[in-house]
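Reader: I would like a close look at a single part of this model, namely the place where the two chains meet. Please take me through that part with care, and then turn to a few residues that deserve attention.

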Number of protein chains: 2
Amino acid sequence: MSGTSADGIDVAWVDIRGRGLRLRAKLRDFCTVAYPAALRHTILRVANSNRTPGLSVAEISQLNFLLGELFARAVRRACRRFRLSLKKVDLIGSHGQTVYHQGRPGRLAGLRVASTLQLGEPAVIAERTGRPVVANFRPRDIAAGGQGAPLVPLVDYLLYRHPSRGRLILNLGGIANLTVIPAGASLIEVFGFDTGPGNMVIDALAARLGRGRFRFDPDGSLARRGQVVEPVLAELLRHPYFRRRPPKTTGREEFGEHFANQLWQRASRASGRDKLRTATELTVRSIAAALDRFVLPRTKVQEVILGGGGARNRFLVTRLRETLPQLHFLPAEQFGVGEKAKEAFAFAVLAYLSWHGEPANLPRVTGATHPVILGTITPAPPRKERK
Amino acid sequence: MSGTSADGIDVAWVDIRGRGLRLRAKLRDFCTVAYPAALRHTILRVANSNRTPGLSVAEISQLNFLLGELFARAVRRACRRFRLSLKKVDLIGSHGQTVYHQGRPGRLAGLRVASTLQLGEPAVIAERTGRPVVANFRPRDIAAGGQGAPLVPLVDYLLYRHPSRGRLILNLGGIANLTVIPAGASLIEVFGFDTGPGNMVIDALAARLGRGRFRFDPDGSLARRGQVVEPVLAELLRHPYFRRRPPKTTGREEFGEHFANQLWQRASRASGRDKLRTATELTVRSIAAALDRFVLPRTKVQEVILGGGGARNRFLVTRLRETLPQLHFLPAEQFGVGEKAKEAFAFAVLAYLSWHGEPANLPRVTGATHPVILGTITPAPPRKERK
């Protein structure tokens, strides 16, 4: 898979066996294959065309095929690096490159429609690798009334469920999201949502303070020396997103540059450190508030499994621990799947489930009306190749 | 399926059984469900965005989902009209709406890439109908080095092959294309290509002559009373496309408005009838030349099965018969599948083949390096719906 920042293609080699709750998945190896710089530029231009539309349909169509070639090449390169013969690969799961995602309906030609678009033509991947490909995971959940995201919580459930401990999987990406797995929960009891900003506002402020010299506050050391500007924080916490009931997802539209500018202006007399501290506290308190409002009234939680880039911001983690003293924090790494490999690993597992005809969206997480089998299957070449 | 003119969605109900050469397909019923006018406008704008790029990726993504909804609705409406329970439908084949097709490589970000893009999200169709869907037929052939078209010749083979007669399937659409099935041929011996203009130039001239009063020359009666402007015809027949070796495909890029204008200007002193006659003769002679150059040196042909809108242009058909007196002409209708239903019927058969893991492109027709299984499979809901 490739994330929204379009840095490159993550390839995970995963051994999977068993079905249902006896499914066992083991990460064997992982690597990232970078995109050529020119192509990354094209991807980001397509993905941002919503703000300045100037695309031709040819560009989308060609980019889809070109990304298919690059995904296939990434698989082949990764297999060489893993010393794994492609012939031994049973199935490829390809998330593709998201260039558009709108889980809640927008308008087209007077009609309301939600949609998502991942590029990376699976026919090209299947043809170049000779393996079957499961791709386009998100559309089916949207077709069933869901937001098409997040899809990783099912894999969280498989990795992290515990018979007697309620667990919270907290992923501190640009946006912070959480998955709640009650003690001894069945799949249907798992729920989750985006709490609001994770690193997004902190990074935006740090970039502005660093004036290009550094892109983020290394392990939160600047914020640590600042003071919270309480009136500004209180105002930011009144953002309606925080009170909206889950399932809910958010993104750059709500907590991107525009939101960071608001913090900057409202705290204009405060120092840079104070601004960073306030942004950090916004992440911490919005997570705590989400727990109080939407999680703890429904179920007990004892442990937090922490992941995402924000887990490397030591001050942010310290403040989370201080604010949620009743919870025991565990790093995601100790469960066998490192942070970087997590999503690619997850889509390998999701591909396996689709291949076996098992539903893999969680309606209480995505908002879908019912479970669905995700994705499309592109077959491998026939056994007797008629070349 | 829906054709490039985006008038509406063709739905064919087809009974299919057997495998390989014993496959039997019978058209049970057929109807067309019109697109809403506003949506047709949007589709044509997207499809034409290559000339005036001004799209956002949101439009493509939303149009894909919206078309999925409309294709699903068309299936449901057609089933009601056919008095066929959806539950009795084993499989849906959805060609989708082509918004881009470039079988020969173009450039993107400095790289060469051929591509094709059909919209009409299969996840939406599967979700709304509860049936499995085979879709996206063309990409795999392009991935295998083909032009992704034409795909109908395999179905021509199944319908029209004959143990002792060589047959030519001549389809007079906007572009004229032919499929050659030698007597007693195996699949691999079938070949075909676009010969050049079918009705495209005739229609463009007739529209200009009619000034909006009529869109084409009814059964060729105007052209019949005209004279061929021989020097102009000779010049037009020097177009390099006619000499290019098959497999080859062409379209509006080569024989559209621009080409019709050339005829108009070069024959500027001739009457409208003479221009129409010249355009008609261009179609006839380019087909005859294609036979002489690329078909008859390779195989014997006794019969022509004539289809496409041009088969209703009586003068065009008369001239074809006169020019090819050694061939016996048969109307496509007598083989059980009417002209209008032909393509929808064909994609039902192609879906069946993909579902059973059988390759369905013809390398000597599309130019692919080998046969491939076409399309992607989007599964039906699981049997035990966990609602």
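Author: In this predicted model, the area buried between chain B and chain A comes to about 5300 Å², and carbon and sulfur atoms give 65% of that area. The size of an interface is often given as the accessible area lost when the parts come together. Counted by residues, the contact draws 62 from chain B and 62 from chain A. Of the interface residues of chain B, 100% are also interface residues in chain A, so the copies meet through the same surface.

As for the polar side of this contact, 19 residue pairs are in polar contact between chain B and chain A, with both residues at pLDDT 80 or more. The side of chain B that touches chain A receives at least two residues from each of helix H1 (37–47), helix H2 (57–82), strand E4 (97–108), strand E5 (111–119), helix H3 (122–129), helix H4 (138–143) and strand E12 (376–378) of chain B. Among these elements, H2(B) supplies the largest share, nine residues. Sorted by class, this side of chain B holds 37 nonpolar, 16 polar and nine charged residues.

Two salt bridges are found across the interface of chain B and chain A. One of them pairs the side chains of Arg140(B) and Glu127(A), with a distance of 2.7 Å from N to O.

Most residues other than glycine have a negative phi, and most peptide bonds are trans. Arg83(A), however, has a positive phi, near 55°, and sits in the loop between helix H2 (57–82) and strand E3 (92–94) of chain A. Its counterpart in number, Arg83(B), also has a positive phi, of about 55°, and is placed in the loop between H2 and strand E3 (92–94) of chain B. Arg83(A) is exposed at 81% relative accessibility, and Arg83(B) is exposed at 80%.

Cis peptide bonds occur as well: one runs from Pro246(A) to Pro247(A), with omega near 0°, and Pro247(A) lies in the loop between helix H8 (230–236) and helix H9 (252–255) of chain A. Another joins Ala149(B) and Pro150(B), with omega about -10°, and Pro150(B) lies in the loop between H4 and helix H5 (153–160) of chain B.

How values were computed
Residues are numbered from 1 along each chain as its sequence is written. Chains are lettered from A and ligands numbered from 1 in the order in which they are written. This is a predicted model: local features need pLDDT of at least 70, side-chain atom pairs count only at pLDDT 80 or more; totals for chains, interfaces and linings use all residues. Side-chain values use heavy atoms; hydrogens and water are left out. Contact means heavy atoms within 4.5 Å. Buried area is the accessible area (1.4 Å probe) that two parts lose on being put together, summed over both. A salt bridge is a side-chain nitrogen of Lys or Arg within 4 Å of a carboxyl oxygen of Asp or Glu. A polar contact is a pair of N or O atoms within 3.5 Å; within protein, one must be able to donate a hydrogen and the other to accept it, and residues adjacent in sequence count only if both atoms are side-chain atoms. Helices (H or I, at least four residues) and strands (E, at least two) are DSSP runs, numbered from the N terminus. Ala, Val, Leu, Ile, Met, Phe, Trp, Tyr, Cys and Pro count as nonpolar, Asp, Glu, Lys and Arg as charged, and the others, Gly among them, as polar. Buried means under 20% relative accessible area, exposed over 50%, partly exposed in between (1.4 Å probe, protein chains only).
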